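Please look over the sequence and the structure first.

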Amino acid sequence: SGIVLHLFRARMPESRLHGIEPSPTYGNYAREKNNADIYAGDIESFAREKADKRGFFDLVTMNHVLEHLYEPVNKLKLLRDFLKPDGLVLLQVPNPFSPDCPSALRMFHIAHVNQFSPQTLRMTFQLAGFSVLEEIPSNPRVTTLLCQKAADFLPVPQIRPISSGQVNRLSASIRGKVMAEMRLKNPFERSLKDRTLHFAFGYFRHRLNDAMLRRLIEGQKTLIVNSAASASSLVQLPADVKILACDHAAGLCADEKFTRTLDLYLCSKRVLKRKQLKQLFAKIRAQVFLSDDLSFIRRRKDLKRAYACLLYDDGMDDFYINRLFGAAEVQKLRQRNNRPVSPPFRLLQIALHYGAREVYLCGVDFTEKRYAWEGQEPGLRYSDSDENFLKVVSRKFKNVFNLSAQSPVSDYLPFKSILSIPNPEKIFMS
């Protein structure tokens, strides 16, 4: 979409910008937004049709492109012809061999037809007629090189052949890492020992949480909030309604009209570590804070006043759902989808397990394309686990309601208001 071109245009308004983009739609967008000359096609067709641009460019950037290209050396040779004698190439690719690589499943992507270590990436440029000026330190999961067009092709580097034993050991290591990640993604494929330890750990943690959560929720009206879009309306909530919030509902505490303390806030470490939400989380005020990374929260100075009680919940186990439904019903849910439910429906499990008298949902949705709030960004997307879970809840429980009459959740839950204002359904509209 031309983000790199946009940065060049902003910092060097007089620069002449060009791009190669296979998608006509993205190409048109980048052209209009950046006043740039965008060629719709690939590198080979550009080389054939734009011969007048040979020796024209000062700099070529390739940001996470080379790993998607077959014959990368030949592609770089084609681009070399279009650089000035001292022209530069700035390139970045993933480094799946980095110790900081978080996931083999992610780094060894099906669309990555080539994989580069820092050493093999340097050799690729040498074979294509470039000299490597600098390896730029950045994200440790990637390799970033600044290269310059060489006066002539350098001698072919001597690449020591890899023995079959080394290949087998490397492939076995990668395969083992991938299989381990797959087992973590699907807890029902773990070994009996792993499942037993996981169950014991979860049971122990839940027993520690039990007294606090039961005292907070049992016999109470509870409101589960997943969006801060209607904070001005929630200030009129009755005082006896317990507020259970998660993720982006932290925005409630940032709204000056909302002066209450959240009764319970649930947030995973994945969401807590988002830099763009750092200031938002610093405003959280909750009686109970649930998370799957307690040490991270304790280390953060800006969260020291965020909670009165800090409890662990990983959001992945079936502790609550096994106690809410019979074994046959749980088995049906597992057959549909083994993925856990999203945070607001995790809160729904907690509220039902600990005996909430009535439960209301606000700003809660369950599919990729159906959102209750107008203009809401998609954010995290979940599978159909939420919807499957909601279908069972609608049959088993008659004390769960929806505050938005026009939300897709209303397909399963009846609308009921707890707000002391007229026509509340007009406030919580999609």
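The model is predicted: local features need pLDDT of at least 70, side-chain atom pairs count only at pLDDT 80 or more, and totals for chains, interfaces and linings use all residues. Residues are numbered from 1 along each chain as its sequence is written, and side-chain values use heavy atoms, with hydrogens and water left out.

**Overall make-up**

- The protein chain has 17 helices and 13 strands; helices (H or I, at least four residues) and strands (E, at least two) are DSSP runs, numbered from the N terminus.
- Of the 430 residues in the protein chain, 44% are buried; buried means under 20% relative accessible area, exposed over 50%, and partly exposed in between, with a 1.4 Å probe and protein chains only.
- Among contacts (heavy atoms within 4.5 Å) between residues at least 6 apart in sequence, 60% join residues at least 24 apart.

**Helix H2 and the residue after it**

- Helix H2 spans residues 24–34, and its buried residues are Gly27, Ala30 and Asn34.
- Seen down the axis of H2, these residues fall within an arc of 65°, so they line one face of the helix; the arc is that of the directions from the helix axis to the C-beta atoms.
- The face of H2 turned away from the buried side carries the exposed residues Pro24, Thr25, Glu32 and Lys33.
- The cover over the buried residues of H2 includes helix H1 (3–11), strand E1 (18–21) and strand E2 (37–40).
- Asn35 follows H2 and is found in the loop between H2 and E2.
- Phi of Asn35 is positive, near 50°, in a residue other than glycine, and Asn35 is exposed, with a relative accessible area of 64%.
- Most residues other than glycine have a negative phi.

- In H4, the buried residues are Pro72, Lys75, Leu76, Leu79 and Arg80.
- Viewed down the axis of H4, its buried residues fall within an arc of 145°, so they line one face of the helix.
- Among the elements that cover the buried residues of H4 are helix H3 (43–49), E3, strand E4 (83–94) and helix H6 (118–127).
- The loop between strand E3 (57–63) and helix H4 (72–80) contains Glu71, and His64 lies in the loop between E3 and H4.
- Glu71 is exposed, with a relative accessible area of 53%, whereas His64 is partly exposed, at 28%.
- His64 has a positive phi of about 55° although it is not a glycine.
- Glu71 and Asn114 are 43 residues apart along the chain, and their C-alpha atoms are separated by 8.9 Å.

**The cavity**

- The structure holds 1 cavity of 30 Å³ or more. On a 1 Å grid over the protein atoms alone, a cavity is a set of points where a 1.4 Å probe fits but cannot get out, and lining residues have an atom within 4 Å of a point.
- About 50 Å³ of space lies in the largest cavity; grid points are joined across faces, edges and corners, and a volume is the space filled by probe spheres set on the points.
- The lining of the largest cavity consists of His18, Gly19, Asp37, Tyr39, Phe46, Lys50, Lys53 and Phe57.
- E1 and E2 are the elements that give two or more residues to this lining.
- By class, the lining has 3 nonpolar, 2 polar and 3 charged residues; Ala, Val, Leu, Ile, Met, Phe, Trp, Tyr, Cys and Pro count as nonpolar, Asp, Glu, Lys and Arg as charged, and the others, Gly among them, as polar.

**Nonpolar cores**

- The largest nonpolar core has 37 residues, and those with the most contacts inside it are Leu264, Leu348 and Val359. Such a core is a set of buried Ala, Val, Leu, Ile, Met, Phe, Trp, Tyr and Cys residues joined through side-chain atoms within 4.5 Å.
- Helix H16 (residues 343–353) gives the largest share of this core, 6 residues.
- Apart from this core lies another, of 33 residues, among them Tyr265, Ile284, Phe289 and Phe296.

**Ser268**

- Ser268 lies in the loop between strand E9 (262–266) and helix H11 (269–272) and counts as partly exposed, at 22% relative accessibility.
- Not counting residues up to four places away in sequence, Ser268 touches Asp247, Ser291 and Asp292.
- Ser268 and Pro343 are 75 residues apart in sequence and 8.5 Å apart in space, C-alpha to C-alpha.

Conventions:
1 Å grid on protein atoms, 1.4 Å probe; cavity = no way out; pocket = protein on both sides within 12 Å on 5 of 7 lines; lining within 4 Å.
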